[in-house]
Amino acid sequence: MSLYTDHLAALQQHAESALERTGFDTLLIASGIEKYAFLDDRPYLFQANPHFKHWLPLTNHPHSWLAVRPGRKPRVVYYQPDDYWHVPPSVPSGEWVNAVELVVIHEPEEAAAALADCITPRTAILGEADAALPGLTPNNPEALLNLLHWARGVKSLYELEQMRAAQRRAVPGHNAARAAFLRGESEASIHRAYLVATGHTDRDLPYSNIVGLNEHAAVLHYQYQDESPPPESRSFLIDAGAQVNGYASDITRTWAAPGHDEFAALIAAMEREQLGLVDEVREGVDYRDIHLSTHRRIARVLREAGIVNMSDEAMVAEGVTKPFFPHGIGHLLGLQVHDVGGFMANEDGGVADKPEGHRYLRLTRPIQAGMVVTIEPGLYFIPTLLRQLRASPQAAQVDWDCVDRLARYGGIRIEDDVACRTAGEAPENLTRDAFALV
């Protein structure tokens with residue numbers, strides 16, 4: 001047995017159990033369809049239904065379907081059009097082919113006939129409404145989705161291998177981007193260097209790269225890339241990932257240009273705290289506690305750097321760390337960059353609340369062995385948040401000259417992807433391990 005066939009067998013077993021528990025006898029999953037811009041014939045980038053690519057390493061296959069039936073091989077309805085306008089999907093190949101019952105179709109509508117014998121009054125169909133065909137209308141039963149989404153949080157050995165590979169694909173891009181920054185290149189040129197080094201295009205990145213020089217590093221989801229380099233490149237933040245067989249990596253690094261020692265020292269302090277937070281990724285730990293721990297660690301950095309003259313405890317209690325660190329410490333990672341199920345109270349659904357006053361946290365579950373989470377503390381100089389801090393009673397405790405000097409660098413974010421191991425074992429830092437291989 002291979003890791004993939006073990007993975008497929010585990011999915012089959014869990015799906016059969018979930019179907020029985022929720023009163024269904026068959027599960028159909030639509031891969032999705034291409035969508036077109038309004039009043040145009042230009043399609044948006046296709047994004048496969050993550051439930052579909054959980055079973056199959058097929059990420060660019062619209063109009064395909066998967067049927068899961070207890071005690072039988074999964075059936076894959078594989079759309080392969082006879083198309084001379086575009087390159088159609090290749091002839092089915094790979095390990096997955098022998099593990100399924102394969103039906104090739106050439107028109108999307110043929111899927112209805114290929115799945116007709118799977119349709120019963122108790123069929124669960126997962127997908128978007130626009131994937132519907134006659135007799136195949138997605139109903140997305142909530143109870144079934146809850147069971148599937150909860151289980152997605154824990155990765156199989158096959159999935160962990162894909163995610164390690166996604167790290168290894170991203171790391172050369174990060175190194176190429178840093179080299180381009182040190183050469184004084186523009187954000188757009190740095191981005192292109194990343195794409196070349198990873199073998200990606202903008203079409204198949206798991207998310208749009210964030211490439212920010214100087215003050216742009218203070219924009220959390222900076223969405224542009226200047227074609228012209230700034231007069232002086234002082235700092236560089238890149239948040240960029242890669243994907244392999246539908247599984248993502250999500251990595252952020254921040255760099256200081258030579259001669260900018262004060263900001264370089266701040267990056268080093270954040271690196272120290274980030275690694276400490278990685279070590280907190282342990283089985284049974286509430287991820288919310290790691291987020292709150294981050295604020296205590298950010299307070300220490302602010303105090304040691306002379307930015308805020310308060311005790312660590314007072315800074316956290318009075319909310320002084322929030323303007324400098326306004327987002328959550330991270331999220332689940334896998335088939336989606338922000339993977340599903342992060343707020344679930346248990347496998348039946350419900351919501352595990354965010355800590356009061358921390359509305360941007362994306363994961364509130366206890367950590368389980370096999371989960372992969374991001375750990376991405378940040379320290380930023382964001383003008384709108386600094387204006388609020390200047391107007392607060394705590395403003396007198398802030399060294400505003402120091403803040404003004406550091407604001408020219410934008411901010412810092414350092415992000416690793418971390419797998420939780422079984423109790424008593426240190427976490428696996430997928431990102432650092434990949435960097436160490438280069």
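# Loops, salt bridges and helices

Author: Let's start in a loop: leucine 39 sits between E1 and H2, where helices (H or I, at least four residues) and strands (E, at least two) are DSSP runs numbered from the N terminus. The model is predicted, so local features need pLDDT of at least 70 and side-chain atom pairs count only at pLDDT 80 or more, while totals for chains, interfaces and linings use all residues. Residues are numbered from 1 along each chain as its sequence is written, and side-chain values use heavy atoms, with hydrogens and water left out.

Reader: Thanks! What is the phi of leucine 39?

Author: Most residues other than glycine have a negative phi. Leucine 39 is exposed, at 75% relative accessible area (buried is under 20%, exposed over 50%, partly exposed in between, with a 1.4 Å probe and protein chains only). Although leucine 39 is not a glycine, its phi is positive, at about 60°.

Reader: And where is histidine 63 found?

Author: Histidine 63 also has a positive phi, near 65°. With a relative accessible area of 21%, this histidine 63 counts as partly exposed. Its place is the loop between H2 and strand E2 (65–68).

Reader: How many residues apart in sequence are the parts that aspartate 130 and lysine 35 tie together?

Author: Aspartate 130 and lysine 35 form a salt bridge, their closest N and O atoms 3.8 Å apart (the term asks for a side-chain nitrogen of Lys or Arg within 4 Å of a carboxyl oxygen of Asp or Glu). Both ends are partly exposed, aspartate 130 at 39% and lysine 35 at 31%. Aspartate 130 lies in the loop between strand E5 (123–126) and helix H5 (142–152) and lysine 35 in the loop between strand E1 (26–30) and helix H2 (50–55), so the separation of the parts, in residues, is 95.

Reader: Are aspartate 416 and arginine 253 buried or exposed?

Author: Their side chains meet in a salt bridge at 2.7 Å, N to O. The pair links strand E16 (residues 416–419), with aspartate 416, to strand E10 (residues 251–256), with arginine 253, 163 residues apart. Both aspartate 416 and arginine 253 are buried.

Reader: How many salt bridges does a search of the whole structure find?

Author: One network of them links Arg272, Glu273, Glu280, Arg297, Arg300 and Glu304. Arginine 282 and aspartate 279 also pair, at 2.7 Å from N to O. The search of the whole structure gives a total of 31.

Reader: What span is expected for helix H9 at 1.5 Å a residue?

Author: Helix H9 covers residues 287–304, which is 18 residues, and the expected span is 1.5 Å times one less than the number of residues. Among its buried residues are Tyr287, Ile290 and Leu302, and the cover over the buried residues includes helix H8 (261–278) and strand E13 (372–375). From first C-alpha to last, H9 reaches 26 Å, close to the expected 26 Å.

Reader: At roughly what angle do the axes of H11 and H12 cross?

Author: Leu386, Leu389 and Arg390 in H11 meet Trp400, Val403 and Asp404 in H12, contact being heavy atoms within 4.5 Å. For H11 (residues 383–390) and H12 (residues 400–407), the axes come within 13 Å and cross at roughly 175°.

Key
Axes are lines fitted to C-alpha atoms, for helices over the stretch in contact, and angles run from 0 to 180 degrees between N-to-C directions.
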